[in-house]
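Here is a brisk report on one structure. Please keep the sequence and the coordinates open while reading.

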Amino acid sequence: MEDARVEEAKAEAARIEEPILEEERTEDLEEIDTIIAELEVSRGRGNLILCVVNAPAYRDGIIRALSRRFRSKIIPVQEGEDVIQSLKSGDFDGVEVLVWTMPEKLTEDLADALNNFRELFYDAGVPSLVFSSQSFLDDVIRRAPDFWRYRGNYHELKERDGGLAFEAIKALSTSLRYQNKEDLLRRKRINEHLLEKVKDEREAAKILDELGQISYLLGDYDRASNYLKQELKISEEIDYKKGVASSLHQLGMLAQATGDLIEARRLYGESLKIKQDLGDKSGVASSLHQLGMLAQDEGDLGEARRLYDESLKIKQDPGDKSGVASSLHQLGMLAQDEGDLGEARRLYGESLKIKQDLGDKSGVAITLAQSALLEEMEGKLERSLDLIREAEKIFLELGSPTALQARQDRERLEQKVLNKKMHE
Amino acid sequence: MRDATIKAYRNKRETIAKEDVESALEKLRRTYDRTLTEAHKRRALAIHESKEARDLDKDDGISRELLFSLTAVEYEDENGRWCDVDPLLLPLVEKWKMRE
């Protein structure tokens, strides 16, 4: 009876806390969506949009996401001359957005360049999106007021939990399969209950591992981190190497999700070494997969391909169908990044078929959503909209934080389809 | 206005809603409130009271900075030239007054 009350209280707590997390994530997503809308209406015209983001890793994540939607030229700025030369060069053929990243401090030379050459941002004929820290913007208002007055909109991002949700949808290497959000919450409650009862430390580590994965999938990164750190501590104490490797791997995924790519690489590397010592082929493949995603995030597409291929080769040996589907999805994204859209379509198709056969709903939704972006790139807007609607429906059923991203994509596509019809 | 317009556009509204304008204004006020130093705020209050924006001496650039950053604006009408805090920021003036 007491257990039932505890379960009920935990379920209630879960119901209360989820909307709060969602609201925090939504603020930034809505701001990013506004930036996208503004870039859409500014196509082919000069505009000067300022965007405040403090953490460089978070900023880079947003830039990567935007670059998948707009052909972008990224211009890192250190001094005023970088701004003047880039704007005067007029070398913007095929570029849809100029993305400027400002240094930490506004030097006098840079303030002068922004003030005196502000009109060139509009003459460029391409919208400019200028990223800076909060303190840089504060300095701009005081010391480069002409530039400040000349701006279009400005946006402030808060970079709270799960802020990288706007990344392109990736096939993460997780082993948890579930049917819907209720299923995930039910497993969360069961595991929490078991954790209180369990006496064996190895079993406790396994439960913490699953709780870490569930929290990650629900977008509750702080809680996921707590569970995984506990798992790591226990596993180290009892010399349970598989637990150490698994917790390090998942902590790496958390670091990656929050934009700390250096820490993610370190954690994946440590995990990989343990898995290799244990002869855990499936684990090794999983680490290589995540390292491939890191390389892709950092723009090293050659290294990403090498790692995905290596991971895929290992997965094909023991017939790890789910892992193979994941690798095919990532290789599809790589082909898409490289502009080989036909190959991307083929790989997504193969990945989707395997996931459908396995009943892997989360995997199916991820590949459908990514296929929607591919169709959009090819101008097939109606098809793209159908796919993203299907993906959003599944993400909502699963209670996945990615549902927010799918919703944004769906709304954007609906607007595009409407615009297209009005012009026909 | 641009901020409110783009928000209305994003929310698929044909007209700009009051909440779009309020949210844009609130962001602008928050930014100025954070950016301005105490010296700027004191001078902005003085400008609001006196309707004049003058620096104290050649080393003092505070009034000039307020005018350049559009915290304060200059008007010209039948009464001649006069200055005040940007009307959009007047709620901040009330807030700063209460802290004085």
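At what angle do helix 8 of chain A and helix 9 of chain A pack, and how far apart are their axes? The angle is about 150°, and the axes of helix 8 (residues 181–197) and helix 9 (residues 201–217) lie 10 Å apart. Axes are lines fitted to C-alpha atoms, for helices over the stretch in contact, and angles run from 0 to 180 degrees between N-to-C directions. Helix 8 of chain A is therefore roughly antiparallel to helix 9 of chain A. Angles under 35 degrees count as roughly parallel, over 145 as roughly antiparallel, 65 to 115 as roughly perpendicular and the rest as oblique.

**Model and conventions**

This is a predicted model: local features need pLDDT of at least 70, side-chain atom pairs count only at pLDDT 80 or more, and totals for chains, interfaces and linings use all residues. Residues are numbered from 1 along each chain as its sequence is written, while chains are lettered from A and ligands numbered from 1 in the order in which they are written.

The model scores are ipTM 0.78 and pTM 0.48. Chain B has a mean pLDDT of 85, with 98% of its residues at 70 or more. Here pLDDT is the predictor's confidence in each residue, from 0 to 100.

**Chain A**

Chain A holds 19 helices and five strands. These are DSSP runs, numbered from the N terminus: helices (H or I) have at least four residues, strands (E) at least two. Of the 424 residues in chain A, 46% are buried. Buried means that 20 or more other C-beta atoms lie within 10 Å of the residue's own; exposed means 12 or fewer, and partly exposed is in between, with C-beta atoms placed from the backbone.

Helix 6 (residues 134–143) of chain A has buried residues A:Phe136, A:Leu137, A:Val140, A:Ile141, A:Arg142 and A:Arg143. Their packing partners include strand 1 (47–52) and helix 7 (145–150) of chain A, as well as helix 2 and helix 4 of chain B.

| Pair | Angle | Axis distance |
|---|---|---|
| Helix 8 and helix 9 of chain A | about 150° | 10 Å |
| Helix 1 and helix 2 of chain B | about 135° | 8 Å |

The chain A pair crosses left-handed. A crossing is left-handed if the near helix is turned anticlockwise from the far one by less than a right angle, and right-handed if clockwise. Contact residues in helix 8 of chain A include A:Leu184 and A:Leu195; those in helix 9 of chain A include A:Ile207 and A:Leu217. By class, this contact has eight nonpolar, one polar and four charged residues. Nonpolar covers Ala, Val, Leu, Ile, Met, Phe, Trp, Tyr, Cys and Pro; charged covers Asp, Glu, Lys and Arg; the others, Gly among them, are polar.

The chain B pair is oblique and crosses right-handed. B:Asp3, B:Ala4, B:Lys7 and B:Ala8 of helix 1 meet B:Asp20, B:Val21, B:Ser23, B:Ala24 and B:Lys27 of helix 2. This contact divides into four nonpolar, one polar and four charged residues.

**Where the chains meet**

Contact joins 13 residues of chain B to 14 residues of chain A. Two residues are in contact if their C-beta atoms, placed from the backbone, lie within 7 Å. Helix 1 (2–10), helix 2 (18–35) and helix 4 (62–68) of chain B each give two or more residues to the side that touches chain A. Helix 1 of chain B gives the most, with six residues. That side of chain B has four nonpolar, two polar and seven charged residues.
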